[in-house]
Amino acid sequence: MPHLNPTDAIRPAHVEVSLGAIAQNYDAIRAHVGTASVMPVVKANAYGHGIVEVARHLMNHGAPCLGVALLEEAIVLRQGGITLPILVFGGVATRQIPQFIAHDLIMAASSIDKLRQIDEAAAAVKTKARVHLKIDTGMERIGVHWYNAEKLLEASLSFTNVEAAGIYSHFANSDAADLASAKEQLARFLEVLEFYPKRGLQPPLRHIANSGGILQLPESHLDLVRPGIMLYGVYPSKEVPQTVKLQPALSWKSQVVYFKVVQPGSSVSYGGTWQSDHPVRVVTVPVGYGDGYFRALSNRGQVVIRGQRHPIAGRVCMDQFMVNLEWGTAYNGDVVTLIGDGISAQDVADWAGTIPYEVLTNINSRVPRVYV
Ligand SMILES: *Cc1c(COP(=O)(O)O)cnc(C)c1O
C-alpha cells in the first residue's frame with residue numbers, strides 16, 4: 001500500500017481504493033461460480049468505493065452487466081459512459097418508466113399492472129423495454145409472492161413491447177450459519193421456475209444468489225450471481241465459510257494533526273467521557289462522524305499509527321477525534337489508518353455495533369477517494 005501522498009487530497013484524510021483488488025475479487029467469484037455469469041452490484045456508490053470508477057474498471061475488465069438499487073444510480077452510470085446492461089433492483093414508480101426506457105435500463109417488474117404500464121410506455125416510443133420479473137420468496141420486501149407468481153409469468157409472455165429477459169429473487173438469510181430459511185427460499189424460487197419447462201419454454205436468466213448465496217449455496221448460483229460486498233473484499237458476515245479468497249479493496253487513512261500530553265483529571269472531548277489517571281500522550285485525527293466515521297466508535301474504536309494499534313479516547317466529534325497513545329510515539333503528519341493495516345471493515349463494524357456494509361456505505365462524499 002503506497003504511503004499517503006499529501007498532493008493526493010486537499011485535506012489530510014482520504015479513502016484509498018484498489019481497483020485491481022476489485023477486479024481480482026471479481027475473477028475469484030467467477031472462478032467459484034463456474035458457468036454462472038457475474039453481475040457486479042455497484043449500488044450505494046459501489047459500497048462507498050465510487051460508483052463510476054468501479055463500474056468503468058469492471059466494464060473494461062469484462063463484466064457483462066451491472067446491478068444498482070436506484071434509477072438515479074443507473075443514470076449516473078450512463079452519464080459516466082457505462083454502456084453495459086444495468087438492472088435496477090428497486091421498484092419502478094410509474095412516472096419513472098420513460099426515464100428507464102430512455103436510458104436503456106432493465107426494470108424490476110412484480111405486477112401485471114406495472115408490466116402493462118411499461119408495455120404502453122415502450123409502445124409510445126416504438127421500442128421494446130426489458131424487465132426482470134421479481135419474485136418474493138420470503139424477504140417480504142418487493143416482488144410478487146411466490147405463491148402468486150404464475151399469473152405474472154403468464155402475463156409476461158403476452159406483452160409485445162416488453163421482454164422479460166430475467167427472473168429473480170433475493171435471500172434474506174444466506175449469510176447465516178443456519179441455512180434452513182435460505183434453502184426454503186431457493187426451493188420456492190425453483191418451484192416458480194417450473195412454469196417454463198412445463199410449457200416447453202426456455203426460462204429467461206434466473207438469479208437469486210447474493211454474496212451469502214455465492215459462498216454458502218452452490219445450488220443457488222443458477223444462471224447469474226449478484227455479488228456486492230464480496231466484490232469489495234469483505235465477507236457478508238462472520239458466520240460464512242470463506243470459500244472464496246478475497247482482498248479488501250478499501251483503506252481509510254488520515255494524518256496526525258495535533259500532539260499533546262493530557263494530565264490526569266483532564267477529560268477528553270465532548271461530555272468528558274474519558275480521562276486517564278496518569279499523564280498520557282494524545283493525538284488528534286481530523287476525521288469525524290461528519291465523514292461517516294461512526295460516533296458509536298467513541299471510546300471503543302482503534303486506529304493504527306506507526307504499526308501500532310491505539311484506542312480512541314473520548315467521543316468522536318463531527319470533524320475530529322482523539323487517540324490515546326499512552327507513551328507511544330507519533331508526530332504531526334504521521335499516517336493514521338482507520339480501515340486497513342490489519343483493521344478490517346468487520347472490526348470497525350464490531351466496535352460500532354453494526355455490519356461491514358454500513359461501515360463502507362457510510363463513508364460520505366466529504367472524504368476524497370484516491371484510486372490505486
Ligand atoms: C444489494 C443486493 C445484492 C448484493 O448483496 P451482497 O450481500 O452485498 O452480495 C444482490 N441483490 C440485490 C437485489 C441486492 O439488493
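# Notebook: a walk through the chain

**Entry on Val-268.** I began with Val-268, which I found in the loop between β12 (258-262) and β13. A note to myself before going on: this is a predicted model. Is Val-268 buried or exposed? Its relative accessible area is 6%, and the cut-off for buried is under 20%, so I wrote it down as buried. I then looked up its distance to Asn-324, which is 56 residues away in sequence. From C-alpha to C-alpha, Val-268 and Asn-324 are 9.9 Å apart in space.

**Entry on Asp-277.** I stayed in the loop between β12 and β13, where Asp-277 also has its place. Asp-277 comes out at 68% relative accessibility, and exposed means over 50%, so I noted this residue as exposed. Which side chain does the side chain of Asp-277 touch in a polar contact? I found that of His-278, at 2.6 Å.

**Entry on the whole chain.** Next I stepped back to see the protein chain as a whole. I read off twelve helices and 18 strands for its secondary structure. Taken along the principal axes, the C-alpha atoms fill a box of roughly 80 × 45 × 35 Å. The chain has 372 residues, and 52% of them are buried.

I noted Gly-301 as buried because its relative accessibility is 1%. For Asn-299 I wrote "partly exposed", because its relative accessible area is 34%. Gly-301 is 15 residues from Val-316 in sequence, and I found 9.6 Å between their C-alpha atoms. Asn-299 has a phi near 60°, a positive value in a residue other than glycine.

**Entry on Ala-46.** Here I looked up another positive phi: Ala-46 has one of about 50°, although it is not a glycine. I placed Ala-46 in helix α2, which covers residues 43-47. Is Ala-46 buried or exposed? Its relative accessibility is 0%, so it went into my notes as buried.

**Entry on His-207.** I moved on to strand β9 (residues 205-209), where His-207 is found. His-207 counts as buried because its relative accessibility is 0%. Its side chain makes a polar contact of 3.0 Å, and I traced the partner to the side chain of His-132.

**Entry on Ala-330.** This residue took me to the loop between β16 (321-326) and β17 (335-339). With 4% relative accessibility, Ala-330 counts as buried, so I marked this loop residue that way. I then looked up how far Ala-330 is from His-221, which is 109 residues away along the chain. Their C-alpha atoms are separated by 49 Å.

**Entry on the ligand.** I kept the ligand for the end. Where does the ligand sit? I found it in the largest pocket. Around the ligand I listed Lys-43, Tyr-47, Phe-89, Arg-141, His-170, Asn-210, Ser-211, Arg-226, Pro-227, Gly-228, Ile-229 and Tyr-357. Helix α2, noted above for Ala-46, spans residues 43-47, and both Lys-43 and Tyr-47 are in my list of residues around the ligand.

Sorted by class, this shell gave me five nonpolar, four polar and three charged residues.

Which atoms come close to ligand oxygens?

- Tyr-47 places a polar side-chain atom 2.6 Å from an oxygen atom of the ligand.
- Ser-211 also has a polar side-chain atom 2.6 Å from an oxygen atom of the ligand.
- Ile-229 takes part through its backbone, with an N or O atom 2.8 Å from an oxygen atom of the ligand.

How much of the ligand does the protein bury? Taken alone, the ligand exposes 380 Å², and I found that the protein buries 93% of that.

Methods: Residues numbered from 1 in each chain as written. Predicted model: local features only at pLDDT ≥ 70, side-chain atom pairs only at ≥ 80, totals over all residues. Heavy atoms only, no water. Near = heavy atom within 4 Å. Polar contact = N/O pair within 3.5 Å; in protein donor to acceptor, adjacent residues only side chain to side chain. Areas by Shrake-Rupley, 256 points an atom, 1.4 Å probe, with all protein chains shown as cover. 1 Å grid on protein atoms, 1.4 Å probe; cavity = no way out; pocket = protein on both sides within 12 Å on 5 of 7 lines; lining within 4 Å. Sits in = over half its atoms within 2 Å of the grid points. Nonpolar A, V, L, I, M, F, W, Y, C, P; charged D, E, K, R; others polar. Buried < 20%, exposed > 50% of the residue type's maximum accessible area, 1.4 Å probe, protein only. Helix = DSSP H or I, 4+ residues; strand = E, 2+ residues; numbered from the N terminus.
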